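I opened this entry to keep track of what I looked up, one topic at a time.

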Amino acid sequence: MSVTSTTDGADTDTDTDTGTGAGTGAGRQRARRVPILWLALLATPIAAGANAPVLILDDMGRSLGVRTATAAWLVTAFAWALSVGMPLLATLLRRRGARTALRVGAALVLGGTVALVASPWLPLALVGRAAQAAGGAGLIAVAMSLAGDARRMGVISAGFGMLGASGPLLGERLSEAVSWRAALAVSVVALLAVPAVGRHVPTAPPAEGRFDTRGSLLLATLATGVILLPSHPLPAVGAAVAATVLLALHIRRRPDGFVPSAVLRTPVFRTATLIALTLSTSYFVLLFAVPRLVAGRTGWSTGAVATGQLVALLTGSALALGFAAVSARLGRVRVRAVLLTVGALAAATAVWAHSAPALLAAAGAAVFCATGANATQSMDAASAVPAAHRPTAIGLFTLGYQLGGAVGPAVATLLVLS
């Protein structure tokens with residue numbers, strides 16, 4: 001994602017982050033006049049599409065003739081492509097402008113959805129799912145780059161939480177009424193906002209300099225190794241370690257490349273990204289595990305679990321929106337203490353609780369922490385680095401957050417789905 005505000009919500013370098021270069025005053029005003037509801041519509045359906053498989057993995061597996069754990073690769077592929085696509089599309093946004101990123105993202109979402117809906121085979125469905133996610137990364141990057149201040153950023157982040165909360169129940173209902181493929185196609189709703197947002201996006205000249213292909217490939221390899229760690233630990237560790245070493249050497253040779261050294265050297269950025277990764281992973285583990293835990297420990301029906309989880313996740317997302325609004329007054333240390341404490345309590349509750357309300361409350365607390373971290377820590381990450389690196393910093397921060405969305409379901413598969 002790409003935001004352009006400091007922790008107190010002041011606008012900074014709006015046209016830089018939208019990929020317009022130095023720009024003009026008129027260009028900056030055009031970017032700031034994008035209605036926030038259009039930006040939310042552009043970005044948030046991706047969250048519903050990401051979480052739609054939570055309650056229908058068994059149906060997906062039966063339809064494709066594979067085990068539930070194998071069908072869960074559709075979840076992993078989406079999260080992997082969203083994670084890897086975010087810094088790539090953020091770089092496209094910075095180098096070619098928001099209009100190009102918007103078009104590329106929309107094309108990938110549309111093409112991926114068509115492939116997913118039409119494919120009778122798991123491999124092609126995986127390709128379509130990955131294309132959906134990569135396109136969604138572009139739409140998210142554009143929406144966040146045009147947000148402009150902390151309040152509007154909070155609206156989009158809360159929208160992610162709420163649409164993500166609705167995803168499991170929406171997926172179940174669409175699967176029953178139409179098919180599981182329709183449930184996984186809900187991301188295409190974001191395309192409704194493309195024409196409206198496109199009218200507000202100024203044309204940007206291409207950026208100078210070569211694209212750092214090697215740096216992007218090494219970062220993608222590192223992310224892939226991390227994502228595959230729960231399911232294929234030995235090769236994943238080898239790939240991740242090798243990519244880390246090679247990437248470190250590459251950054252020394254090209255400090256202003258795809259992964260700028262100025263960003264990595266910033267302690268606030270590193271801490272904010274680590275917090276987001278940790279809380280995001282915990283949330284996605286619980287998102288997929290809690291329905292099975294409730295059904296197994298309490299005997300609730302699938303419909304009752306879906307409804308209860310929806311209420312819990314919506315409540316947690318709403319609380320996160322309020323928390324983000326007062327975070328500037330609380331201060332960075334208190335904000336982080338609240339998020340980490342509540343996150344630890346949520347994980348402990350999921351391990352030990354045997355009542356449905358307690359387990360659902362753990363899921364609500366987890367989404368509060370993940371959504372709250374996305375809104376508040378992204379602001380810390382953006383404001384801590386030089387202005388020229390803010391789009392890249394947010395892309396890398398979001399990579400850390402989205403890695404949790406890939407690792408979490410894989411961990412849940414190992415614990416309760418296999």
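**Helix 9**

I began with helix 9, where 20 of the 24 residues are buried, so the rest of the structure largely encloses this helix. I note that the model is a predicted one. Helix 9 covers residues 122-145. I looked up its reach from first C-alpha to last and found 34 Å, close to the 34 Å expected at 1.5 Å a residue.

**The chain as a whole**

I then looked up the totals. The chain has 20 helices and 0 strands. Of its 418 residues, 58% are buried. For the accessible surface I noted about 15900 Å², with 67% of that belonging to carbon and sulfur atoms. I also checked contacts between residues at least 6 apart in sequence, and 81% of these join residues at least 24 apart.

**Nonpolar cores**

Which residues have the most contacts inside the largest nonpolar core? I found Met60, Leu74, Leu184, Phe269 and Tyr283, in a core of 71 residues. Helix 16 (residues 267-298) gives the largest share of this core, 12 residues. A second, separate core has 39 residues, including Ala101, Met144, Phe160 and Val194. In soluble globular proteins, nonpolar side chains tend to be buried together.

I followed up Met60. Apart from residues up to four places away in sequence, Met60 touches Pro53, Ala71, Leu74, Trp180 and Leu184.

Pro168 sits in helix 10 (residues 150-177). Its relative accessibility is 2%, so Pro168 counts as buried, the cut-off being under 20%. I listed its contacts beyond four places in sequence: Asn51, Ala52, Val54, Leu55, Leu287 and Gln309. I also took one distance: Pro168 and Ala48 are 120 residues apart in sequence, with their C-alpha atoms 7.7 Å apart.

Is Ser187 buried or exposed? Ser187 has a relative accessible area of 0%, so I put it down as buried. Ser187 belongs to the loop between helix 11 (180-183) and helix 12 (194-198). Leaving out residues up to four places away in sequence, Ser187 touches Pro45, Ile46, Gly49, Phe78, Val109 and Gln132.

**A patch on the surface**

Next I turned to the surface. Leu229, Val237, Val241, Val245, Leu246 and Leu249 form a nonpolar patch there, with about 480 Å² of accessible area together.

**Salt bridges**

How many salt bridges does the count come to? I have 6. Side chains of opposite charge can pair when their charged atoms come close.

I looked at Asp58 and Arg292, whose closest N and O atoms are 3.2 Å apart. This pair links distant parts of the chain, with Asp58 in helix 5 (residues 57-64) and Arg292 in helix 16, 234 residues apart. Asp58 is partly exposed at 31%, and Arg292 is partly exposed at 32%.

I then found a network of salt bridges that links Arg332, Arg336 and Asp380. Arg332 and Asp380 have their closest N and O atoms 3.5 Å apart. Arg332 is in helix 18 (residues 332-352) and Asp380 in helix 19 (residues 356-384), 48 residues apart. For Arg336 and Asp380 I noted 3.6 Å, N to O. Arg336 lies in helix 18 and Asp380 in helix 19, so this pair ties together parts 44 residues apart in sequence.

Arg332 is partly exposed at 36%, Arg336 counts as buried at 13%, and Asp380 counts as buried at 6%.

Definitions and conventions. Residues numbered from 1 in each chain as written. Predicted model: local features only at pLDDT ≥ 70, side-chain atom pairs only at ≥ 80, totals over all residues. Heavy atoms only, no water. Core = buried A, V, L, I, M, F, W, Y, C linked by side-chain atoms within 4.5 Å. Buried < 20%, exposed > 50% of the residue type's maximum accessible area, 1.4 Å probe, protein only. Helix = DSSP H or I, 4+ residues; strand = E, 2+ residues; numbered from the N terminus. Contact = heavy atoms within 4.5 Å. Areas by Shrake-Rupley, 256 points an atom, 1.4 Å probe, with all protein chains shown as cover. Patch = residues over 30% accessible without salt bridge, like charges linked within 9 Å, V, L, I, M, F, W, Y side chains within 5 Å. Salt bridge = Lys/Arg side-chain N within 4 Å of Asp/Glu carboxyl O. Expected span 1.5 Å × (residues − 1).
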